[in-house]
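These are my notebook entries on a single chain. I set down each point as I looked it up.

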Amino acid sequence: MKLRATSWAAMMLMSGVFATAQADDLRRPYIVQLADKPVANYTGEIAGLPATKPAAGQTLNVDATTVQNYINYLQQKQSDVLAAVGNAPV
């Protein structure tokens, strides 16, 4: 899986931050926001993942295969970032 530049940057930032925090024995809270759109706003920019944004006046069908595939994609991205920061508490 290819990582977007922002995801890569977030992983590198977090790994450096936590390495420093462990070295100094300091704990600092950080909020990491990934760049991907939420399911209700995703318009199909990623190859192989169709848009999940409902048409005007329609509701989001969270059981739809396309929606579930995009949710799985987002969860994998989150897992990748978490794996990059090691044993940091979440």
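**Entry 1: aromatic pairs**

How many aromatic pairs does the count come to? I find two aromatic pairs, where rings of Phe, Tyr and Trp (its six-membered ring) pair if their centres lie within 6.5 Å. Planes under 30 degrees apart count as stacked, over 60 as edge-to-face and the rest as tilted. In Tyr 42 and Tyr 70 the ring centres are 3.9 Å apart and the planes are at 10°, so I record this pair as stacked. The pair links distant parts of the chain, with Tyr 42 in the loop between H1 and H2 and Tyr 70 in helix H2, 28 residues apart. I also looked up Tyr 70 with Tyr 73, an aromatic pair that is stacked, at 5.7 Å centre to centre and 20° between the planes. Tyr 70 and Tyr 73 are separated by about one helical turn, because they are three residues apart in helix H2. I therefore note a cluster of Tyr 42, Tyr 70 and Tyr 73, linked by ring pairs.

Are these tyrosines buried or exposed? Tyr 42 and Tyr 70 are both buried, and Tyr 73 is buried as well. The terms I use are buried for under 20% relative accessible area, exposed for over 50%, and partly exposed in between (1.4 Å probe, protein chains only).

**Entry 2: basis of the model**

The model is predicted: local features need pLDDT of at least 70 and side-chain atom pairs count only at pLDDT 80 or more, while totals for chains, interfaces and linings use all residues. Residues are numbered from 1 along each chain as its sequence is written, and side-chain values use heavy atoms, with hydrogens and water left out.

**Entry 3: the chain as a whole**

I record two helices and zero strands for the chain; helices (H or I, at least four residues) and strands (E, at least two) are DSSP runs, numbered from the N terminus. Of the 90 residues in the chain, 23% are buried. Next I looked up contacts, meaning heavy atoms within 4.5 Å. Among those between residues at least 6 apart in sequence, 51% join residues at least 24 apart. The accessible surface of the chain comes to about 6,400 Å², and 55% of this belongs to carbon and sulfur atoms. Accessible areas come from the Shrake-Rupley method with a 1.4 Å probe, and for residues only the protein chains shown count as cover.

**Entry 4: salt bridges**

How many salt bridges does a search of the whole structure find? The search finds two, a salt bridge being a side-chain nitrogen of Lys or Arg within 4 Å of a carboxyl oxygen of Asp or Glu. In one, Lys 77 is joined to Asp 36, with the closest N and O atoms 3.5 Å apart. Lys 77 lies in helix H2 and Asp 36 in the loop between H1 and H2, so this pair ties together parts that are 41 residues apart in sequence. Lys 77 counts as buried at 2% relative accessibility, and Asp 36 is buried with a relative accessible area of 12%.

Lys 37 forms a salt bridge with Glu 45, the closest N and O atoms being 3.1 Å apart. Lys 37 is partly exposed at 35% relative accessibility, and Glu 45 is partly exposed with a relative accessible area of 43%.

**Entry 5: residues of the loop**

I then looked up Thr 52, which is found in the loop between H1 and H2. Thr 52 is buried, at a relative accessible area of 6%. A polar atom of the Thr 52 side chain lies 2.6 Å from the backbone oxygen of Val 39. Leaving aside neighbours within four places in sequence, the contacts of Thr 52 include Tyr 42, Thr 66 and Tyr 70.

Pro 54 lies in the loop between helix H1 (5-24) and helix H2 (65-84). Pro 54 counts as partly exposed, at 24% relative accessibility. The C-alpha atoms of Pro 54 and Asn 41 are separated by 8.0 Å, and the two residues are 13 residues apart along the chain.

Is Gln 33 buried or exposed? Gln 33 counts as exposed, at 73% relative accessibility, and is found in the loop between H1 and H2. Its C-alpha atom is separated by 9.6 Å from that of Gln 78, 45 residues apart along the chain.

Note on methods. A polar contact is a pair of N or O atoms within 3.5 Å; within protein, one must be able to donate a hydrogen and the other to accept it, and residues adjacent in sequence count only if both atoms are side-chain atoms.
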